Amino acid sequence: MTIELPSGLPWVTLDTETSGKHPDDGARVACVALAHGNWSIGLPFDQGVRDKFAFAQIALNFDGTIDDPNLELEDWTYLLKWCQDQRLVFHHAKYDLIMMRAGTRHWRGEDLIKQFHWDTMLTSGVLEPAKERDLGSLSER
């Protein structure tokens, strides 16, 4: 395992970067970003070099080997288990929860609905219904 995540946080934000918009169309988690206070980390799980030669060529070293930035199954399993003990905050929780349940192209995901704590997009809609709810607009306000 190559990652170790902090314990004892009162909450942690989770955001997914994905290969598309809908699991039904084959979209899966490519990267998971976590943050709390001054701490943040991006965890790449499917950046495309494992089975896509065109992407692998970009990562070729001078000796012909390939640098694979992706973390392994052991890290994915650790992340899912770690998330089970967290209070998770999202911006558009419905989407991120669906994608975390779908998993990556290579590994199954986990249902994290019981760990759901807060959704900044929904909250902004309640507090400021006439304002834009996207993360950029919300951050500026």
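Visitor: Why is Arg108 called exposed?

Guide: Its relative accessible area is 62%. The term exposed requires over 50%, whereas buried means under 20% and partly exposed lies in between, with a 1.4 Å probe and protein chains only. Arg108 at 62% therefore counts as exposed. Please note that this is a predicted model, in which local features need pLDDT of at least 70 and side-chain atom pairs count only at pLDDT 80 or more, while totals for chains, interfaces and linings use all residues. Residues are numbered from 1 along each chain as its sequence is written, and side-chain values use heavy atoms, with hydrogens and water left out.

Visitor: What makes Glu110 and Arg108 a salt bridge?

Guide: A salt bridge is a side-chain nitrogen of Lys or Arg within 4 Å of a carboxyl oxygen of Asp or Glu. The closest N and O atoms of Glu110 and Arg108 are 3.4 Å apart, so the pair meets the limit of 4 Å. Glu110 itself is partly exposed, at 26% relative accessible area.

Visitor: How many salt bridges does the structure hold?

Guide: There are three. One of them joins Asp46 to Arg105, with the closest N and O atoms 2.5 Å apart. Asp46 belongs to the loop between strand 3 (39-44) and helix 1 (53-58), and Arg105 to the loop between helix 3 (93-102) and strand 5 (116-119), so this pair ties together parts that are 59 residues apart in sequence. Here helices (H or I, at least four residues) and strands (E, at least two) are DSSP runs, numbered from the N terminus. Another joins Glu128 to Arg141, at 2.8 Å between the closest N and O atoms. Glu128 sits in the loop between helix 4 (120-127) and helix 5 (135-140) and Arg141 in the segment after helix 5, so the parts tied together are 13 residues apart in sequence.

Visitor: Are Asp46 and Arg105 buried or partly exposed?

Guide: Asp46 is buried, because its relative accessible area is 9%. Arg105, at 33%, counts as partly exposed.

Visitor: How do you know that the buried residues of helix 3 lie on the same side?

Guide: The buried residues of helix 3 are Ala93, Asp96, Leu97, Met99 and Met100. They cover an arc of only 165° around the axis, which places them on the same side of helix 3; the arc is that of the directions from the helix axis to the C-beta atoms. These buried residues pack against strand 1 (12-18), strand 2 (29-36), helix 2 (73-83), strand 4 (88-90) and strand 5.

Visitor: Which residues of helix 2 are buried, and what puts them on the same side?

Guide: They are Asp75, Trp76, Leu79, Leu80, Trp82 and Cys83. Their arc around the axis is only 160°, so they share the same side of helix 2. What covers them includes strand 1, strand 2, strand 3, strand 4 and helix 3.

Visitor: Which members of the largest nonpolar core touch the most other members?

Guide: Of its 24 residues, these are Leu14, Val32, Leu34, Phe45, Trp76, Leu79 and Met100. Strand 1, strand 2, helix 2, strand 4 and helix 3 each contribute at least two residues to this core. Helix 2 gives the largest share, five residues. Such a core is a set of buried Ala, Val, Leu, Ile, Met, Phe, Trp, Tyr and Cys residues joined through side-chain atoms within 4.5 Å.

Visitor: What is Leu14 in contact with?

Guide: Contact means heavy atoms within 4.5 Å. Neighbours within four places in sequence aside, the contacts of Leu14 include Val32, Leu34, Cys83 and Met100.
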